[in-house]
Structure formats: structure tokens, C-alpha cells
Amino acid sequence: MDVGEIVAELERYLAPEAEELSLPPAAFTSPGLWELEREQVFGRSWILVAHVDELAETGAYVSLSVAGEPVVVVRGEDGELRGMSPVCRHRLMPVVEEGSGRTDVFTCPYHLWRYGLDGRLVGATHMKRNPAFDPAACRLPRFAVEEWHGFVFVNLDVSAEPLGPHLRRIGDDLANYRLPELTQVAGWTEEWRCNWKVAVENAHENYHVMGFHPETLQPTTPGGAETRVRADSPWADSMRVRYSAPLEPVVLDLTEEERAHLYGFFVFPSGSLAASGDTVIWLSLIPSALDRTTVRGGVLMPAAMVEGQDREAVRKEAEAYAAVINGEDRRGLEEVQRGAGSRFAERGHLSPKEPGVVLFYRSLARALVRQDTDWPGEL
Ligand code: FES
Ligand SMILES: [Fe+2]
């Protein structure tokens, strides 16, 4: 299947009475579609990359690749968050490895050119005798950054429309979860060997819980639990799953409705939040290659809940729990990727228990055919 045929198939999800079928398997393995996604999806969408607690100090940074494009987000000396390309202006070495940390200056490991936290070149040895080189004009290119209730998003398109207006409804829904007062108690970065869409479609449904998470999540949010979804904009949709028994939050004052449900919110293409009692978990599924996905995430809790507690113990416990759930998803999804490469791979019929998957496919189709201006409004 060539990329034109795949996109034509995806476009059919935008029809009002579209058949509820899984993606064409080639969508998970096609280099042509990957190239198109790099441009049409990841080249112009807001990608959730961090929680602001990771970037609190001056010089704190997160460095990663967004669909093959190296990106660093850093807190400047002026307190501003900046998104920059870490690719050295000399001979292409990224000036910082993937990961997170803190620095005063970015020193390229290759020939030691040095860049300030605002991307300006501050030093380059043995360059004075090249009259064509103007150090004052040399700086790391910029990407757009937006912070929304503590979540940090990057857009490779510096002139992108702001994200905030698209998330207004999610923000209203989450008012009782007091996002700005949450603190990140644990975080992780993992690498999964699957196409990003295998991971994102999985995040959009609770149906798989009975298969992948029989002992961890199935008792509280069984795969067959009542699930409702809502599409808010070309960039945002949400899902609500009924708990087997309501939660008893310790700090937050939640409504009966909120105590009875797990709320999932999705920011196309990669970002998601799950609100569950006193805890919000964020997860971003960011492709690094056609068959590799970087999984960044964290556990957030109200600051009042961890006050006076041993933060290290809280972190270890939250990280250990996340590692178990993530491990269950990773193992399963890497197998799905193996299946996607089969000569017998075909599209399958979706269950009414996975309506969120269709919303994701629609967002994907819109992004690929650039129809986000034709958003029909509320569904
Ligand atoms: S590539 Fe960075 S200093 Fe040469
Ligand atoms: Fe899962």
C-alpha cells in the first residue's frame, strides 16, 4: 500500500457513517506515511514534553527527538522557557544528549562551541581567522513552547496557533483536580519498540485492560467498564471510564461523578492525562523513529498530599507502580508491532468499548489531509 492509498483509507474515518475499522496495517510500517506524519502531524502540532516541575530551575532542560527532530526545552536566566534546536551550527552535533538535567551553558562535545541558555553563541575557539563567520549572528534556532496548567508543550512550527483555546473545555472539566497546585512526584522516560500510533490508539481505550493489565487495572477499571468519549476540537478529546467502586480522595474535593470515574484527556497527537482521585498521570507517546516511541510521563499529586512525607519514598513507590503498568503496555504493544508486519495483517472491526480509538483516527486523518479548519464543532 503506498502512502496515497493509506491516506485515502484514513480519510474515510471523516465520513459521518464511517465503518469502525482499525487502521490499515501499513499505517504502522510505511516509511512513506512516516515521512508525511513528520511533516503534517509532528511538524505543526503541540507535543507534550514535560511537566513544569522538571524545568523549574534556571538551566533545567529536557532534550529529546520529536519524530526525528532534536529538540531541547530549557529554563533561561530570565525565567523564560525556550524551545530550541540543539543541533550545533558548526557541523551538526546536538549540543546536548537526550535526557534531562541542568546546565549553565550548552557546550558542543565535538569542537566545544558554547551556547547560552537563550541559544546565543557565547564562545567558539580558533574561529577568529575565518572572516566569513559572524559569531553574533550564530544562534540555535527556536521552536514554539506553551505552558498549560503546568504541562509543557513544544511545536516545531514557531508560528503555530496557540494551544490553550483548544484545551479550555478540558481545563474546565479538570477544575476540581486543581492542576496548577499539583506537584510531580515521579517521572520516567522509556523507549518502546513500536510505531507511535500503536501506543496512542492503546491509550485511547480501556478495552485492553482485561488483556494487558489483568491484575493491576482490571479490578478497578475492567475492560468492559462503561466508557464514554467526547471530541472537543481537532486537537483534543476525552474519555470517561466508570470505576468498579468510587474512589475516596484524601485532599481533593471531588464530586460524586468525579469519584466514580477515571477521566482521560488527549491532546493530539501524543499527549494524554489521566485524572483519578488525588492523582493525575500524564503520558506522552512521541515517535523517535517509524518503529520507536519515546514514552515520557509523570505522576502528579496535590502538594498538600506529599507535604511532610519522605519525597524519595513517594517517588520510588509511584515510579515502581508506573513501571509495572508501562511494562505491561510495552510488552503487549511491541508484540502488536510484530503482528503489524505480518503478511496476514488486515484491518479489524472495533468494539463499542473502544470509541476513543475512532476519535484518534479522525484527528489523524484531519491532520494528514489538513482539514482542521473544517472542524464540525461538537460531536
Ligand atoms: S559540531 Fe559543534 S562545535 Fe563542531
Ligand atoms: Fe494499558
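At what angle do helix 4 and helix 8 pack, and how far apart are their axes? The points below take up that question and then move on to other parts of this predicted model.

1. Helix 4 and helix 8 pack at an angle of about 125°, and their axes lie 10 Å apart. An angle of that value makes helix 4 oblique to helix 8, and the crossing of this pair is right-handed. On the side of helix 4 the contact involves Val198, Ala199 and Asn202, which meet Asp329, Leu333, Val336 and Gln337 in helix 8. Sorted by class, the residues of this contact divide into 4 nonpolar, 2 polar and 1 charged.

2. Helix 4, which covers residues 196–203, also meets helix 9, which covers residues 355–369; the axes of these two helices come within 8 Å and cross at roughly 135°. Helix 4 and helix 9 are therefore oblique to each other, and helix 4 passes helix 9 in a right-handed crossing. The residues that meet are Trp196, Lys197, Val200 and Glu201 from helix 4, together with Val357, Phe360, Tyr361 and Leu364 from helix 9. By class, this contact of helix 4 with helix 9 has 6 nonpolar residues, no polar residues and 2 charged residues.

3. Helix 9 has a further contact to consider, with helix 2 (residues 31–40): the two pack at an angle of about 80°, with their axes 9 Å apart. Because angles of 65 to 115 degrees count as roughly perpendicular, helix 2 is described as roughly perpendicular to helix 9. Helix 2 contributes Leu33, Leu36, Glu37 and Gln40 to the contact, while helix 9 contributes Leu364, Ala367 and Leu368. The residues in this contact of helix 2 with helix 9 divide into 5 nonpolar, 1 polar and 1 charged.

4. Two details of the backbone deserve a careful look. The peptide bond from Phe268 to Pro269 is cis, with omega near 5°, and Pro269 is placed in the loop between strand 14 (261–267) and strand 15 (271–276). His149 has a positive phi of about 45° although it is not a glycine, and His149 is found in the loop between strand 9 (142–148) and strand 10 (151–155).

Notes. Residues are numbered from 1 along each chain as its sequence is written. Chains are lettered from A and ligands numbered from 1 in the order in which they are written. This is a predicted model: local features need pLDDT of at least 70, side-chain atom pairs count only at pLDDT 80 or more; totals for chains, interfaces and linings use all residues. Side-chain values use heavy atoms; hydrogens and water are left out. Axes are lines fitted to C-alpha atoms, for helices over the stretch in contact, and angles run from 0 to 180 degrees between N-to-C directions. Helices (H or I, at least four residues) and strands (E, at least two) are DSSP runs, numbered from the N terminus. Angles under 35 degrees count as roughly parallel, over 145 as roughly antiparallel, 65 to 115 as roughly perpendicular and the rest as oblique. A crossing is left-handed if the near helix is turned anticlockwise from the far one by less than a right angle, and right-handed if clockwise. Contact means heavy atoms within 4.5 Å. Ala, Val, Leu, Ile, Met, Phe, Trp, Tyr, Cys and Pro count as nonpolar, Asp, Glu, Lys and Arg as charged, and the others, Gly among them, as polar.
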